[in-house]
Amino acid sequence: MENNQSELNFEKERLEKTIMLAKKQLNQARQKNEENKSAIISAKKELRENTSHSISALWTSDGFEALAELSQYLNPVTDKIVDYEEVENKILLLENLIKSPYFARIDFKFDGEDIFEKIYIGRSSLMKDNSYEMYVYDWRSPIASVFYRFVMGKAFYDAPGGRITGEVNLKRQYEINNGVLEYFFDADVQIVDEFLRKLLSQNTSSKMKTIVETIQKEQDIVIRDMENDLMMVQGVAGSGKTSIALHRAAYLMYQGLSSKLSSNNIIIISPNSLFEQYISNVLPELGEDNVVSVVFEEMLTTILRNEQIQSRNQFLENLITNSGYHDIIKSCIEFKTSHQFLEILNLFLCDLPHRWIAFEDVYYDGQCIVSKEILKEKILGRKEVPLGMKLKQLEEFILELIYESKKIRIKKSEEFIIKNQIQKFTELNVLNLYRKLISDREYFYRLSKDSELPDCIEDILIFTEENLSTSFLYYDDAAVLAYLYLKINGTNYYKNIKQVVIDEAQDYYPLHYEILNIMFANSKFTILGDINQTLEKKEDLSLYGQIREILNKKKSSLVTMDKSFRCTNEILIYSSKFIKQSIEIKSFNRKGDEPKVFAADNQLSLNEMIISEIKFCQEKGYQSIGLICKTEKNALSLFECLKDRLDVTLIKNKSEADLQGVFIIPVYMSKGLEFDAVLICDTDITNYYSEDDKKLLYIGCTRALHRLNLFSKGEVSPLL
């Protein structure tokens with residue numbers, strides 16, 4: 001596209017001025033931090049010289065004065081360090097800004113004014129010293145939303161002081177690398193699509209990238225939403241759900257003084273540790289600290305203080321490979337995480353003080369201090385206080401009674417013996433209680449008389465009893481125990497969290513959302529999922545209604561994103577045949593090769609086919625080539641076949657790897673990731689035959705950006 005020469009000269013000059021301003025501020029910041037460094041060193045020296053006598057005095061009767069003196073010297077050091085870190089952060093932002101100061105410009109005329117103002121938009125803002133002239137606006141600033149949401153003509157944006165209206169007569173995008181203006185173009189819808197198509201046709205990277213240049217209108221609405229306490233997104237594979245979640249986190253950290261969140265106020269619940277690593281660059285690239293990210297079973301480990309918990313990946317591997325137990329494993333998790341079982345658990349919790357706590361009369365010095373009836377009565381009141389807390393208070397109450405009866409302090413050794421006696425009924429073992437619920441059939445069926453039980457309930461109870469007799473805690477039972485523990489003891493974890501981001505929402509069950517609701521009772525939620533990407537269950541749009549009901553927030557919203565930006569047209573059409581489309585999936589209309597199925601007679605010729613395809617992909621310059629297998633077992637077997645022939649990485653449960661080069665990965669671990677080329681390597685009739693297997697094929701196929709092919713040893717799966 002021809003750029004008018006005077007426009008080109010203007011833009012080059014504007015870029016030069018911007019970079020000069022940024023360099024000047026960078027030099028000032030570096031100078032300031034040299035001074036800060038010297039100040040910290042001398043303040044530390046002063047601290048050492050003037051407080052050595054104070055530190056020894058801390059342990060004397062003058063300790064309070066010594067402490068006051070110590071803090072008087074410590075505060076300046078702490079302040080200087082905070083200042084130093086802030087300036088270091090600014091230095092980093094300015095260094096990045098010099099390489100690429102902005103990516104867009106809009107010319108906006110405010111209503112009631114005569115001239116169009118040039119608004120340049122970048123990853124971070126740049127203001128001229130001592131004047132309020134903005135050289136570059138942060139992409140999260142209110143006015144930047146005009147770039148994402150409007151074409152030419154009338155436009156508006158919402159500022160802290162209310163809605164601002166005006167008109168746009170230019171939208172321009174830039175490609176600036178290492179301070180050099182490569183090109184720019186004036187954007188209408190057609191050209192923007194072309195720019196996006198060019199970006200999407202590039203190779204993927206080992207880490208997820210930011211999308212600030214290409215945020216779509218509907219994505220921007222989710223990123224900037226401040227109205228809803230619960231924001232849910234149903235997004236098809238490749239619609240950018242995870243990117244949106246991370247850009248939303250960056251937006252929340254940028255927001256005004258009253259609503260601004262720091263990185264320790266946000267938590268992301270990720271599907272696995274590989275995915276955590278994959279997304280780890282996005283927030284730092286946007287100039288923000290990384291937020292806490294946890295995998296759901298890590299939270300269960302924290303709650304139950306138990307390291308021996310089956311991960312979701314281990315659970316899925318067990319489910320997929322264990323054909324003899326497949327149905328019972330599936331029935332167990334469906335029932336134990338259901339509303340029906342939740343009602344049974346809640347009745348059981350109500351029953352604990354009546355039936356399952358063996359209160360005893362408490363004796364001291366041969367005299368009954370308090371009867372078990374009184375103790376039980378004290379526990380039954382105050383329904384709002386967790387039972388565990390009431391039992392702890394009961395311990396204190398008993399010790400107070402003993403003290404009052406004797407009018408003397410009890411010896412430590414005696415107190416220890418008494419506490420041991422009391423704790424027989426004040427310390428509840430959640431695992432033992434759960435075992436009792438499952439094993440006492442008469443009691444269990446009495447509690448469940450109003451619930452609709454599955455036909456195989458007896459098999460579920462027997463299977464659960466067997467699992468609970470091992471030292472290993474299964475994924476479904478861990479969730480039940482965590483729920484019981486939290487209901488009995490309450491929680492002090494994650495008190496500072498104000499925003500919870502949950503990715504792969506369809507992987508969780510009602511009981512999981514109940515646990516999250518207890519743990520993050522006062523938080524807002526951003527929840528992203530795709531009902532087509534379930535692995536072991538059927539899901540439809542009613543999932544979001546269930547989430548809304550459980551989390552019970554004042555204001556909630558569900559946004560549907562039906563456009564996939566990841567795959568080529570051909571890959572998307574091929575992938576879609578594996579799912580019943582309750583939501584229409586639109587393609588971003590990028591062309592590529594048709595996926596093909598290759599069948600080999602034996603393992604040796606299958607290996608040759610796979611190696612030949614990998615070499616072809618490498619010749620085409622693809623950076624990440626994913627060999628997807630149904631299970632970890634199959635992945636390990638393929639790895640053994642290929643490892644001596646080419647450079648290949650095996651990804652297993654709890655693996656942390658850079659997703660560059662060639663790697664073999666089980667399909668359930670590939671969710672949320674994307675690769676330049678995908679080879680699904682085990683699509684024979686013995687591996688893929690059921691309705692659940694169709695979903696695995698859909699997930700595997702939709703990981704591919706540019707190229708997808710499927711390989712089979714022996715008879716090809718009828719699902720293809």
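Predicted model: local features only at pLDDT ≥ 70, side-chain atom pairs only at ≥ 80, totals over all residues.
**Second largest pocket**

I began with the second largest pocket, where H2 gives the largest share of the lining, eight residues. H2 covers 63-99, and it is joined by strand E3 (126-127), strand E4 (134-138) and helix H6 (241-254), each of them supplying at least two lining residues. I looked up the volume next and got about 810 Å³. The lining runs to 26 residues, and those closest to the pocket centre are Asn89, Leu93, Lys260, Gly287 and Glu288. How does the lining divide into nonpolar, polar and charged? I noted 11 nonpolar, seven polar and eight charged residues.

**The UniProt binding site**

Then I checked the record. The UniProt entry, an unreviewed one, lists Gly235, Val236, Ala237, Gly238, Ser239, Gly240, Lys241 and Thr242 under "binding site". I picked two of these to look at in the model.

Val236 sits in the loop between strand E8 (230-235) and H6. Is Val236 buried or exposed? Its relative accessibility is 0%, so I put it down as buried.

Gly238 is also in the loop between E8 and H6. I read 10% relative accessibility for Gly238, and the cut-off for buried is under 20%, so Gly238 counts as buried too. Which residues does Gly238 touch, leaving out those up to four places away in sequence? I found Lys563, Ser564, Phe565 and Arg566.

**Aromatics**

I ran the ring pairs and the count came to 25 aromatic pairs. One of them is Tyr508 with Tyr513, an edge-to-face pair at 6.1 Å centre to centre with 75° between the planes. Both tyrosines of that pair, Tyr508 and Tyr513, are buried. I also logged an aromatic cluster made of Tyr102, Tyr120, Tyr174 and Phe184.

**Helix H9**

How many of the nine residues of H9 (residues 296-304) are buried? I counted seven, so this helix is largely enclosed by the rest of the structure. The buried ones are Phe296, Glu297, Met299, Leu300, Thr301, Ile303 and Leu304. What covers them? My list includes strand E9 (266-270), strand E10 (292-295), helix H10 (312-321), H19 and H20. Just past the end of H9, I noticed Arg305 with a positive phi of about 50°.

**Other positive phi values**

Tyr494 has phi near 55°, a positive value in a residue other than glycine. I placed Tyr494 in the loop between helix H19 (475-489) and strand E13 (499-502). Its relative accessibility is 22%, so I marked Tyr494 as partly exposed.

Glu504 is not a glycine either, and its phi is positive at about 55°. I found Glu504 in the loop between E13 and helix H20 (510-519). Is Glu504 buried or exposed? With a relative accessible area of 5%, Glu504 goes down as buried.

Technical notes: Residues numbered from 1 in each chain as written. Heavy atoms only, no water. 1 Å grid on protein atoms, 1.4 Å probe; cavity = no way out; pocket = protein on both sides within 12 Å on 5 of 7 lines; lining within 4 Å. Points joined across faces, edges and corners; volume = space filled by probe spheres on them. Helix = DSSP H or I, 4+ residues; strand = E, 2+ residues; numbered from the N terminus. Nonpolar A, V, L, I, M, F, W, Y, C, P; charged D, E, K, R; others polar. UniProt positions renumbered as here; feature names shortened; annotations may be inferred. Buried < 20%, exposed > 50% of the residue type's maximum accessible area, 1.4 Å probe, protein only. Contact = heavy atoms within 4.5 Å. Phe/Tyr/Trp six-rings, centres within 6.5 Å; stacked < 30°, edge-to-face > 60°.
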